[in-house]
Amino acid sequence: MPIPIIAQGLREGISSIPHAWSFIKYAPWLLVLAVLKWYFEGARNTSERMMRSKVIMVTGGTSGIGATVVRELALRGAQVILLTRQPPSDLFLMEYIDDLRATTNNQLIYAEQVDLASLHSVRTFATKWIDNIPPRRLDSIILCGGIAEPTHARGRTLDGIDREWQVNYLANFHLLSILSPALRAQPAHRDVRVIFANCSSYIGADFTQLEGMARPKPQTSKSKAQDVIPPPKNVYALAKLSLTIFAHSFQRHLNAYKRPDSLPPCTRVIMVDPGLCRTPGTRRWLTGGSLWGLALYLITWPIWWLVLKSPQQGAQSILYASMEAEYGRGDGGWLIKECRQVDYARSDVKNDEVGKKLWEFSGKMIEEAEKDSAVRRALEKKIEEEAEKVRVQKGEKKAREEESSKKGKSDGSRRSRKGNGNK
């Protein structure tokens, strides 16, 4: 088709071809647009790895980048365990898993309830997982779960912790801290990887504002305004910086373990920056969680389509970190961006003292929150038991009244019949 058109243009002139001048006029702009789109899409994963029989946990695997990662791993035969906020009995989650099993031809896709906004939910699952002899197989943990709250939508979880801080960092710290025995117990020949989905916003975070993330204490008459440390302005960036620092501390924690077989550790921690993507979380942050913001987002959507990656494109670096053979050996702690290893923009993420301070702060924060949460659950259980006791007493009383009423009516009818007979 193009050859006869080109021949006609050479033989009879460009004017003989319909719309030729319009095409020549706009072709350079279309070419520039195509080049920009290709540039912003980023690199593609070219690595492959045998994934059959491998057991992989994934947080945030029901939407955005995590959903693409789950689908690609399931297509390669991996056994995927989705850690989701909803229980496995949720109808929408059941349909989602059924659809995944059908489209990937992989029945080894399951769900476990792990609400990152609840430390009790994280502990319940993690302790159940490690309470097994022999230790369960675990080849990889991919942490894609996270939120980016609009500035005006700050809120706290049931644990009394900033929601953005807990979901993006503290819950991951809690989960891996409990699962570390399961990771260390894997055979030395097994290639185990812990992959964090990170963000370049960690570069601008101020670690000195860490104390501002502490749970607010009850106000007393002796407390003063200057005693209360204000929360940081950019909690999301601080959470990502803390996640990066913890990743290095966790790798050192795993490497320091002396295996009974005296072999080197088999678990490597990898940080991945997928880039800016058109995920539901990014869309909510851009729109500010408002209808007017959503309308503006829809109007400017061509710009976001051009400069932001799709979830499929954002998942490429995570898939690369999961399957590249090079990362199956070494000391771990690498940063992957655009399917290649890069250096960290900050040197303090590898500082032992900073990592120790963060670990102690996080552990203390979780301990306090879990104590308060246990007290709250005990009170709620007591209230429910008392309410149930009252309901039972009311039910028994009502049953006795009904029985007495029926008995009274029955006796009255007999007396009535007897009286009528005497007459």
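Reader: Which residues have the most contacts inside the largest nonpolar core?

Author: Met57, Trp129, Trp165, Tyr169 and Phe196 do, in a core of 59 residues. This is a predicted model: local features need pLDDT of at least 70, side-chain atom pairs count only at pLDDT 80 or more, and totals for chains, interfaces and linings use all residues. Residues are numbered from 1 along each chain as its sequence is written, and side-chain values use heavy atoms, with hydrogens and water left out.

Reader: What makes it a nonpolar core?

Author: Such a core is a set of buried Ala, Val, Leu, Ile, Met, Phe, Trp, Tyr and Cys residues joined through side-chain atoms within 4.5 Å. Helix α6 (residues 163-184) gives the most to this core, with 12 residues. A second, separate core has 35 residues, including Val70 and Ala315. In soluble globular proteins, nonpolar side chains tend to be buried together.

Reader: What does Phe196 touch?

Author: Contact means heavy atoms within 4.5 Å. Leaving out residues up to four places away in sequence, Phe196 touches Leu143, Leu176, Leu243, Phe246, Ala247, Val269, Ile270, Met271 and Val272. Across the protein chain, 77% of the contacts with a separation of 6 or more join residues 24 or more positions apart.

Reader: Why is Ser140 called buried?

Author: Buried means under 20% relative accessible area, exposed over 50%, and partly exposed in between (1.4 Å probe, protein chains only). Ser140 has a relative accessible area of 6%, so it counts as buried. Ser140 is found in strand β4 (residues 140-143). Not counting residues up to four places away in sequence, Ser140 touches Val55, Ile56, Met57, Arg193 and Ile195. In the whole protein chain, buried residues make up 41% of the 423 residues.

Reader: Which residues of α5 are buried?

Author: Leu119, Ser121, Val122, Phe125, Ala126 and Trp129 are. They cover an arc of only 160° around the axis (taken from the directions from the helix axis to the C-beta atoms), so they lie on the same side of α5.

Reader: What makes strand β6 mostly covered?

Author: In β6 (residues 267-273), 7 of its 7 residues are buried. Thr267, Val269, Met271 and Asp273 point one way from β6, while Arg268, Ile270 and Val272 point the other way. In a regular strand the side chains alternate between the two faces of the sheet.

Reader: How do you know that β6 pairs with β5 and with β7?

Author: Two strands pair if DSSP finds at least two bridges between them. Strand β5 (residues 192-197) and β6 share 6 bridges and run parallel. Val192 stands opposite Thr267 there. β6 and strand β7 (residues 334-337) share 4 bridges and also run parallel. Met271 has Leu335 as its bridge partner in β7, and Asp273 stands opposite Lys337.

Reader: How many residues lie between β7 and β8 in their hairpin?

Author: There are 2, and Glu338 in the turn has a positive phi of about 55°. β7 and strand β8 (residues 340-342) run antiparallel, with 3 bridges. Leu335 stands opposite Val342 in β8.
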